[in-house]
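Trainee: Can we go through this one together? I have not seen it before.

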Amino acid sequence: MATEWARVEPERLAGALAGRRVDESLLAWLESSVERLPGLANTSPQECADLLGAAMRVTINLLDSARYGEPTGRRLRTVLAQAAQSAAWLHFDQGRHASAQRHWRTALHSAHSADDRDLGAGVLSDLAYSATWLGHPSEAVKILSLARTRTRHATARSLLDVRRARALAVLQDGVGTARALNDAEHQLERGRAQSAPAWVSWMSSADLAVDAGRCWLDLEDPRRATAALEEGLSLLVPERERTRAIMLTYRAHAALAGHDVDAAVSDTRTALDTALGTGASRCLDLVRSTLRESLEPHKGETAVRDLRSYAHQRLTSVRA
């Protein structure tokens, strides 16, 4: 990316890296580029990771070498925080959890240095989501309680509330889960009247629905889980394929809980194809565990045997 930027703004970038003042147009271009990069994650995850890494290196070099005033310094640190946060999610999706944690810590430090409280709270919510995913929901609740007190934007609060709901559902706190989901819906509605920060602009009713579906699954209410997941799938935009793969897998779990093996097989098959298209290890691991564990009690049924044979062929071809 540094090479690309050198072609776009050769004098401004080279001059700033050599110790001259950061130009306003270069800074604005850098900000918009980092905001757009996460859009590549669904179609070109490795290229996106490479570009985010380059963006972080260039921004760090500008912070170390260029001349700038305090407002520009805050904006550069915000850029670094956003790039590190996006990179952390890519590493998390690939199962590289230690690397994801390092990037989130970089993002948190940079957001704090930039005095961007909402962005810092958003990074804390990512750490909490990771904790829940990795089996530490109590830690997630503590993180989210701290983060919630630091947010200013309603959409940011909605994200924190829905992630609190996820952690509470794992802890089997049905009352707390329902309250957190209601709070998330209320804050998301309030947020529509405001311009959401770039880092949380993706948050939508579809995201709220998928997390609600997972909550009701954890609370052993497959009927409500299925309804929420079907709503989420109907609202999800086409480019959100990683989220789609996860939603389909969750709906397969709900179908199994409702004793509908054929529906579960259908959703798992589509989730597998979708996950393979994204290349995200997190999505593939979820599908694999469904095939290996959730469908195991039904392994004698023809539809399940056929699905496992199909999955073996698809996954073997990918490894080859």
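Mentor: Start with arginine 282 and aspartate 93: both are buried, meaning under 20% relative accessible area, where over 50% is exposed and in between is partly exposed (1.4 Å probe, protein chains only). This is a predicted model, where local features need pLDDT of at least 70 and side-chain atom pairs count only at pLDDT 80 or more, while totals for chains, interfaces and linings use all residues. Residues are numbered from 1 along each chain as its sequence is written, and side-chain values use heavy atoms, with hydrogens and water left out.

Trainee: What do the side chains of arginine 282 and aspartate 93 meet in?

Mentor: A salt bridge, at 2.5 Å from N to O. The term needs a side-chain nitrogen of Lys or Arg within 4 Å of a carboxyl oxygen of Asp or Glu.

Trainee: How many salt bridges does a search of the whole structure find?

Mentor: The search finds 20. One of them joins the side chains of arginine 240 and aspartate 207 at 2.4 Å, N to O.

Trainee: Is arginine 240 buried or exposed?

Mentor: Arginine 240 counts as buried, with 18% relative accessibility. Aspartate 207 has 5%, so that residue counts as buried too.

Trainee: Which residues do shared partners join into one network?

Mentor: Arg148, Asp161, Arg164 and Asp183, through salt bridges.

Trainee: Switching topic, what about glutamate 31 and arginine 75?

Mentor: Their side chains also form a salt bridge, 2.8 Å from N to O. Glutamate 31 counts as buried because its relative accessibility is 18%, whereas arginine 75, at 26%, counts as partly exposed.
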